[in-house]
Structure formats: C-alpha cells, structure tokens
Amino acid sequence: MNGNKINAVFYAESYHPIQAGSIDGTDILPHDNAIYRAHLCASAGLYDPFGDPKVIGDPYCTVFVGRLSRHTSEDTLREAMSEYGRVKNLRLVRHIVTGASRGYAFVEYETEREMRSAYKDAHHTMIDDCKIIVDYYRQQLMPGWIPRRLGGGLGGEKESGQLRFGGREKPFRAPLKPIPFDDLKRLGIPPPPEGRYMSRFQDPSPPRRERNSVDREGSQKRDVQDRTHKRSFVDGDDRYHKRSSLDQEDHSHKWSSVERDEHYSERSSVDRYHKRSSLDQDEHSHKWSSVEREEHYSERTSVDRDDRSHNMSSSRRVERHHKRSSSSRSHKRSSKDRDEGTHKSHKHSDHSPRHERRSTSCDLSSDMSKVG
C-alpha cells in the first residue's frame, strides 16, 4: 500500500450490512448480532424503503438531520434550517407512545439547490447546544439501505457497540491488506474503489436526479432554442451597429443637396427593385398555373382600373365642387349689384318730382316779375 493513501477514505454508494460493519470495507463475515440480523433482513427482502406512509415529498430535496437535542421543537428546527433555503416540509420523528423527540428529523426544501446548500453548510452546526449531522435521504436514494432499528444504518458511537462505516461521519479507510476480490464477489459485496479515494475534509456529493429521455430531449430543445435566440440577438446587434456606422459615415461625408438627392433616389430605386424581386419570388414560390396567373393579373388590372376610376371620379367631384362654389359666388355678386342699382334708381325717381316742382315755381315767379 502506498504511504500517500494511508489517510485516504472512500464512501459507500450502495449499502451492504457486512461491508458497513467493516472499517475498510473488506470484511466477509459479520462481527456482531445486529449486522447478522440486518444481513438476513436484506437477503429476505423484509424491509421496504417506500412502505412508510409518513414519508412524503421529493427525496432529492430532503435532508436527514440527526443528533438533535431532545428539547428541540419543530419551530426551533425550522428557524435554524431556514437559513439555507425555503423549507417546504419538516417532520420531527417522535415516539409513538410518549410523543417525545427521537433526536432526528427530515427537512424538505423547495429546490434541490437549497437542499445541497443545507447538506454542505449545515453539517456540524449547533442547535440547542448540540452538534447536528446532516446527510442526504438514504432511505430512498441509497440502494439496499437497512435502517438502524433493523441492525443497519451508518455512523454511531463506540458506546453503542454498533459502529457502521461508509457514511459521511465514518467513511471507509483505504485497505492496508490485500483485498479478497473473490470472496467479495461471492457474497455480493461491492469491492473498494481503485484510485478514487478522497480526503476526510472533502464533502461527498449526494446523488443527483436521473433524467429520462423526455427530459433530455426537452433540455436539448431548450438549449437549441436558447442558442438560436442568442444568435439572432447577436445578428440583430451586428446589423444595428453596421447601420449606425453607415449612417455616421454618411454624416461625415457632408454631402451637398444634389448628392444627397441622388443618394436617396438610388436608395429608393434599390428598395423598389428588392420589393419587386421579393414579389416575383413570392409569385414563383406559389407555382401558379397559367390560368390562375391570368386570373390574378386580370383581377389586378381590374383593381387598378377601379382605383383609377375612383381617383378620377374623386378629382372630378372636387373640380365640380370648386366650379359650383365659384358660380354661386359670382351669382351672389351679380344679385347684389342688381339690388344696389334698383335701389339707386328708386332714389333718383323720388327726387325728380321735387326738382320739377322747384323749377315750375321759379318760372312762375320770373313771369310775375316781368308783368309787374
């Protein structure tokens, strides 16, 4: 054994009672009655990890909290575990008869990321003057799991007489003697890993959720959509920057009015050409027959004629309206002139007899003076 691997450790990925009772995972015989009982329970299939009706929630978002104080309540535990994420569900395991706390609980978070945060940071923190341990939900996520009440489990203190290795608290040590691969294979015990050892200060990663083919296809489609969206966004930015640079160049040239008119006329002609080409492409893409094409062009000419006739009729109406308004104005002016003339003639006729009377009286006075 290399001297560099003396302090190296490894963790169990699947549970076997005999291996859990070994310090380096190489034992082939149980060393106490609890391990023997757990081995019988596992081989006979007497334990169902999904048979507990009180177990609810997502196991990938749930953590196991152990070594709690007997005085710790649900509210205290919820307040302490809420520092690492949003707690969705919490179950403090109590005695079925007395109702006292058993010293461990299960905490479910809203997301798997919050669960991993609590798994990493909440381990060995203090709650009610007790150092707690935090582990992932091995009951449903670890194959072959046997709980402590049936002789299995992991960890444990020396006073209990049930030391279990392979977990986060007591990982397996790198074996110092030759590994009996044949015996381990015969008993179905997974052999120690080769070259995959860790330090005791490294946190083992909890199992990740396995994605099925539908989820993978959906994630791939989302990735493709995100890439196309990013590409279109980048292309739009490039076009915008190119247009802005062209506009800046146009302003920097300081064109005269004649050059500017020529430039805009060329641009408009190019736009018209592109529009015509796009219309022609659309027409070709429809793949019309000759009869449909003739009907389309006849409809287009009829529509153009109707538009022209409508425009001409509207222009004629405007001209007629202007003529009518001018004729009405001239008629009003002539009527006003006639009224003024008649009024003046009437006035003149009223003054004429008075003038005749004055002339006759003057003639009579002159005749009387001559006779006298």
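**Exercise 1.** In this predicted model, find which residues of the largest nonpolar core touch the most other members.

*Solution.* Start with the core itself, a set of 36 residues. Val63, Val65, Leu77, Met81, Val107 and Tyr109 are the ones that touch the most other members. Next, see where the core comes from: α2 (33–44), β2, α3 (74–81), β3, β4, α4 (112–121) and β7 (133–136) each supply at least two residues. Finally, look at the domains: domain 1 (1–47 + 146–208) and domain 2 (56–144) each give at least three residues to this core.

**Exercise 2.** Now pick out Val107 and list what it touches, leaving aside residues up to four places away in sequence.

*Solution.* Look for heavy atoms within 4.5 Å. Val107 then touches Cys61, Thr62, Val63, Val65, Leu77, Met81, Val87, Asn89 and Leu90.

**Exercise 3.** Work out why strand β4 (residues 101–109) is largely enclosed by the rest of the structure.

*Solution.* Count a residue as buried if its relative accessible area is under 20%. Seven of the nine residues in β4 pass this test, so the strand is largely enclosed by the rest of the structure.

**Exercise 4.** Which strands pair with β4, and in what sense do they run?

*Solution.* Take β2 (residues 62–66) to begin with: four bridges join it to β4, and the two run antiparallel. Here Phe64 stands opposite Phe106 of β4. Then turn to β3 (residues 87–94), which pairs with β4 over six bridges, also in the antiparallel sense. In this pairing, Leu92 has Ala105 in β4 as its bridge partner. To finish, follow the chain through the β3–β4 hairpin: six residues lie between the strands, and Gly99 takes a positive phi near 80°.

Definitions and conventions: Residues numbered from 1 in each chain as written. Predicted model: local features only at pLDDT ≥ 70, side-chain atom pairs only at ≥ 80, totals over all residues. Heavy atoms only, no water. Buried < 20%, exposed > 50% of the residue type's maximum accessible area, 1.4 Å probe, protein only. Pairing = 2+ DSSP bridges. Core = buried A, V, L, I, M, F, W, Y, C linked by side-chain atoms within 4.5 Å. Domains from an automatic or database assignment.
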